[in-house]
Amino acid sequence: MEPLQSGTGVKVLVVGICGATCSGKTSVVERLCRRYKHTLVFHQDDYYLEEENAIPKTEDDSFHWDVPEALNHERLVSEVTKAIEDPFSICPDCKGPEPKPTITNAIHLLLLEGTMILELSKLKTMFEVSVFIKLDRGVCFTRRCQRDYGEHRDPAGYFERYLWPAYRKLEVAALKHERTVILDGGSISVEELTDAVSKIIDDNFHLLHKQ
């Protein structure tokens, strides 16, 4: 795959961080932001449809947050595309009254995090590589129960009837994506996950520098 370039010719490495709910995706992204300069981050959860009455419903009339139809695809794709075209406009390391000498040559890292990003065809074609963090059912259920979702807590039976089947569908999509690396989020720590993803990023940075 040819590297994506901004309108100014700066290379942008686009990496998808996806996988099961509660698998450590957001925690990994937070740690990556501390390790790499010139990093841009997009979280899928910031792009749910704004009107709750537009969110799909389950058979028992609960909100179904775990299907692609619950997302504002157009806004997400548009904002990611704009970031690739002009990474300087949102990169925290590029802002300021006086540009740093290294900015014009810096490869920017764009991280897109979420459970369903590999199900969005316009997004997955942008990825240089994606990382899928898997969990087994028991670990996923335990972590989900321990997380506080406030007013959006899962209704009774939501995990078994809707969330876990949605994850299994996502896992199939990940296995079909040829540039996806599978990691087991249930057997290693968040720091170990971050190290593994960093190795993948570093390898791709090395390839981009050679192109």
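How do the residues of the lining of the second largest pocket divide into nonpolar, polar and charged? The legends below answer this and show other close-ups of a predicted model.

**View 1. The second largest pocket.** The volume here is about 210 Å³. The lining holds 14 residues, and Arg144, Cys145, Arg153, Asp154 and Pro155 are the closest to the pocket centre. Two elements, α4 (137-146) and α5 (158-176), each give two or more residues to this lining. By class, the lining of the second largest pocket divides into seven nonpolar residues, one polar and six charged.

**View 2. The largest pocket.** This pocket has a volume of about 650 Å³. Its lining is made of 27 residues. Nearest the centre lie Asp45, Tyr48, Trp65, Arg144 and Tyr149. Helix α1 (residues 25-35) provides the largest share of the lining, three residues. Sorted by class, the lining of the largest pocket has eleven charged, nine polar and seven nonpolar residues.

**View 3. Cys22 and its backbone angle.** Find Cys22 in the loop between β2 (11-19) and α1. Its phi is positive, about 65°, although Cys22 is not a glycine. Is Cys22 buried or exposed? The relative accessible area of Cys22 is 6%, so this residue counts as buried, the cut-off being under 20%.

View 4. His38 sits in the loop between α1 and β3 (39-43). Phi of His38 is near 55°. That is a positive value in a residue other than glycine. His38 is buried, because its relative accessible area is 9% and buried means under 20%.

**View 5. The largest nonpolar core.** This core has 39 residues. Which of them touch the most other members? They are Val80, Leu110, Leu112 and Leu123. Strands β2, β3 and β4 (108-113) each give two or more residues to the core, as do helices α2 (73-85) and α5. The largest share, eight residues, comes from α5.

**View 6. Val80 and its contacts.** Leaving out residues up to four places away in sequence, Val80 touches Phe42, Leu110, Leu112, Leu123 and Met126.

Key:
Residues numbered from 1 in each chain as written. Predicted model: local features only at pLDDT ≥ 70, side-chain atom pairs only at ≥ 80, totals over all residues. Heavy atoms only, no water. 1 Å grid on protein atoms, 1.4 Å probe; cavity = no way out; pocket = protein on both sides within 12 Å on 5 of 7 lines; lining within 4 Å. Points joined across faces, edges and corners; volume = space filled by probe spheres on them. Helix = DSSP H or I, 4+ residues; strand = E, 2+ residues; numbered from the N terminus. Nonpolar A, V, L, I, M, F, W, Y, C, P; charged D, E, K, R; others polar. Buried < 20%, exposed > 50% of the residue type's maximum accessible area, 1.4 Å probe, protein only. Core = buried A, V, L, I, M, F, W, Y, C linked by side-chain atoms within 4.5 Å. Contact = heavy atoms within 4.5 Å.
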